[in-house]
Amino acid sequence: KVKSHEALRIAHLVNAIAAEQQPDPVPWHFLKNILLSQKKENLLNHRIILKTFGIEPPSEHCQICKINPHTHFSVPDVLFVCAQCAGDLKLRGDEVLLVGINE
């Protein structure tokens with residue numbers, strides 16, 4: 001069973017990144033499988049969920065400073081950023097996702 005906090009976090013992410021009025025059954029089917037899989041590692045792997053909706057980092061580096069490796073994803077800005085830049089953006093907890101190698 002999916003924990004409500006984790007499911008709500010994914011619902012917020014999907015609401016923020018999914019195109020409105022653009023039905024696309026492929027990511028929705030994949031997302032449904034993730035939610036029903038009962039594998040917590042799949043549910044917490046934000047990188048997989050972002051990739052499902054076609055959002056991938058253009059490089060290994062932060063899209064703001066271009067120096068440090070990215071470890072976070074800014075939902076409102078749709079940017080992959082390092083921890084330093086994520087802190088500088090002053091994002092709420094539901095606006096930033098951990099997408100680093102060691103999620």
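Two strands are taken to pair if DSSP finds at least two bridges between them. Helices (H or I, at least four residues) and strands (E, at least two) are DSSP runs, numbered from the N terminus. The model is predicted: local features need pLDDT of at least 70, side-chain atom pairs count only at pLDDT 80 or more, and totals for chains, interfaces and linings use all residues. Residues are numbered from 1 along each chain as its sequence is written, and side-chain values use heavy atoms, with hydrogens and water left out.

By the DSSP assignment, the chain has five helices and three strands. Their order along the sequence is α-α-α-α-β-β-α-β. Strand 1 (residues 72-74) pairs with strand 2 over three bridges, in the antiparallel sense. Within the sheet, Phe73 stands opposite Phe80 of strand 2.

Accessible areas come from the Shrake-Rupley method with a 1.4 Å probe; for residues, only the protein chains shown count as cover. The accessible surface of the chain comes to about 6900 Å². Carbon and sulfur atoms hold 56% of that surface. Residues are classed as buried (under 20% relative accessible area), exposed (over 50%) or partly exposed (in between), with a 1.4 Å probe and protein chains only. Of the 103 residues, 30% count as buried. A contact means heavy atoms within 4.5 Å. Among contacts with a separation of 6 or more, 42% link residues 24 or more positions apart.

Ser74 is found in strand 1. Its relative accessible area is 0%, so Ser74 is buried. Not counting residues up to four places away in sequence, Ser74 touches Leu79, Leu89, Leu91 and Glu95. Leu91 sits in the loop between helix 5 (83-88) and strand 3. With the exclusion of residues up to four places away in sequence, Leu91 touches Ser74, Pro76, Asp77, Ala86 and Val96.

Charged pairs were then considered. Side chains of opposite charge can pair when their charged atoms come close. A salt bridge is defined here as a side-chain nitrogen of Lys or Arg within 4 Å of a carboxyl oxygen of Asp or Glu. The structure holds three salt bridges. One joins the side chains of Lys51 and Glu56, at 4.0 Å from N to O. Arg92 meets Asp94 at 3.1 Å, N to O. Asp94 is partly exposed, because its relative accessibility is 31%. Arg92 also meets Glu95, at 3.3 Å, N to O. Glu95 has 16% relative accessibility and therefore counts as buried. Through shared partners, the salt bridges join Arg92, Asp94 and Glu95 into one network.

Cysteine pairs were checked in turn. A disulfide is a covalent bond between the sulfur atoms of two cysteines. The criterion is a pair of cysteine sulfur atoms within 2.5 Å. By this rule the structure has zero disulfides. Cys62 is in no disulfide; its nearest cysteine sulfur belongs to Cys85, 3.7 Å away. Cys62 is buried, at 1% relative accessibility. Cys82 is in no disulfide either; its nearest cysteine sulfur is that of Cys85, at 3.6 Å. Cys82 is buried, with a relative accessible area of 2%.

Backbone torsions complete the description. Most residues other than glycine have a negative phi. Val78 has a phi near 50°, a positive value in a residue other than glycine. Val78 lies in the loop between strand 1 and strand 2. Its relative accessibility is 40%, so Val78 counts as partly exposed. Lys90 also has a positive phi, near 50°, and is a residue other than glycine. The loop between helix 5 and strand 3 holds Lys90. Lys90 is exposed, because its relative accessible area is 71%.
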